[in-house]
Amino acid sequence: MSQNKKVTQINKAVHILSSGGICAIPTETVYGLAADATNSDAVAKIYALKNRPTFNPLIVHVSSIDQAIEFAQISTDHQTICSYFWDKNLPLTVVMPLRDNHKISPLATAGLNTIAVRKPSHPIALDIINRVGLIAAPSANQSKHISPTSADHVRKSFGDNAPYIVDGGPCTVGLESTILDLSSAKPCVLRAGGVTTEDLDTYFKMPLSIASETIKAPGMMKKHYSPGCPVILNAKTIKPGDILLGFGPNTPECATLNLSPTGNLTEAATNLFDALYKLEAMKPNRILISPIPMIGLGIAINDRISRAASHD
Ligand code: TXA
Ligand code: MG
């Protein structure tokens with residue numbers, strides 16, 4: 001896209017958001033459905049368009065730690081954690097206690113006394129935050145559908161109801177941020193994501209606990225990322241009408257797509273949601289997915305595909 005066109009799109013998004021509207025913006029993880037986080041009328045439009053339950057709070061996006069300090073109680077230790085990951089452009093969301101007298105819409109926090117905060121590294125997202133202020137943004141897909149990693153996915157997920165979209169091209173990470181709860185005594189991972197457990201262990205010098213299905217992140221419902229047909233993991237036989245999403249060099253030749261022919265998990269993460277959108281459009285009876293190792297980004301990939309495979 002030309003620089004002029006990009007500037008026009010960003011200006012339009014800034015205008016929409018500053019006037020209480022919503023629009024989709026690119027981040028390095030997935031596209032977000034953005035609103036001014038301090039404007040409850042605007043935030044309500046996110047829940048309505050996504051058909052998202054209002055008990056499921058939103059992440060507030062900032063462009064600096066100083067901006068987060070205005071509404072979150074961040075100890076100096078927690079500031080060090082944020083700087084470590086955010087300065088490396090790693091997609092970490094942290095959950096912290098809210099301050100008194102903060103300006104965030106109670107709809108964005110779903111009435112909790114904690115708040116999820118993230119600094120995206122995508123230059124368009126940062127530019128928009130710098131010009132509009134705090135941005136609440138869930139992934140820009142219908143609730144329970146596949147997360148979007150391109151402008152086209154946002155259009156596909158919302159159809160005729162699609163919002164204005166700033167097209168920043170495909171997302172580089174391709175999986176949502178890792179969510180780390182810093183609001184209790186011991187840090188705990190609420191959602192595996194673009195920051196690997198190995199990255200976290202290197203910082204914390206010990207393995208962190210991972211939240212169980214008894215959910216602390218209210219959005220971690222089992223059924224999610226659904227491509228509208230059964231998804232089968234580690235399938236042994238392929239039946240007529242099935243299509244196979246492969247991974248790695250040992251993938252059978254009949255596979256329709258391969259997340260990474262060389263078995264590279266970073267590449268597979270980037271390609272995952274795009275592959276699910278492509279396969280969904282083929283309207284198969286079932287989507288079978290080859291085994292993916294449970295290391296590095298494989299942990300977050302397996303989390304997403306097991307939710308895509310869930311019936312609950
Ligand atoms: O990469 C991302 O995180 C993307 C981009 C757009 O930034 N956003 C995203 O938002 O994935 P969403 O709404 O699809 O997922 C946010 C998750 C939900 O599971 C929600 O329940 C959880 O964060 N969450 C939000 N606030 C929370 C809080 N105070 N405590 C625990 N979990 C929280
Ligand atoms: Mg989401």
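## Strands β3 and β5

I59 has A116 as its bridge partner in β5. Strand β3 (residues 59-61) and strand β5 (residues 114-118) run parallel and are joined by 3 bridges. Strands here are DSSP runs of E with at least two residues, helices are runs of H or I with at least four, and both are numbered from the N terminus. Two strands pair if DSSP finds at least two bridges between them.

This is a predicted model, in which local features need pLDDT of at least 70 and side-chain atom pairs count only at pLDDT 80 or more, while totals for chains, interfaces and linings use all residues. Residues are numbered from 1 along each chain as its sequence is written, chains are lettered from A and ligands numbered from 1 in the order in which they are written, and side-chain values use heavy atoms, without hydrogens and water.

## The sheet

Strands of a sheet pair through backbone hydrogen bonds, either parallel or antiparallel. The open sheet here has 10 strands with mixed pairing, in the order β7-β1-β2-β6-β3-β5-β4-β8-β9-β10. Its edge strands, β7 (164-165) and β10, each pair on one side only.

## Two packed helices

Helix α6 (residues 151-158) packs against helix α8 (residues 265-281) at an angle of about 45°, and their axes are 11 Å apart. Axes are lines fitted to C-alpha atoms, for helices over the stretch in contact, and angles run from 0 to 180 degrees between N-to-C directions. The two helices are therefore oblique to each other: angles under 35 degrees count as roughly parallel, over 145 as roughly antiparallel, 65 to 115 as roughly perpendicular and the rest as oblique.

H153, K156 and S157 of α6 make the contact with F273, D274 and Y277 of α8. Contact means heavy atoms within 4.5 Å.

## Two buried loop residues

P138 lies in the loop between β6 (135-136) and α6. With a relative accessibility of 6%, P138 counts as buried (under 20% relative accessible area; exposed is over 50% and partly exposed in between, with a 1.4 Å probe and protein chains only). Not counting residues up to four places away in sequence, P138 touches Y31, G32, L33, I46, K50, R52 and L58. P138 and E176 are 38 residues apart in sequence, and their C-alpha atoms are 9.7 Å apart in space.

S226 is placed in the loop between β10 (209-210) and β11 (231-233). S226 is also buried, at a relative accessible area of 13%. Leaving aside neighbours within four places in sequence, S226 is in contact with K144, H145, I146 and E280.
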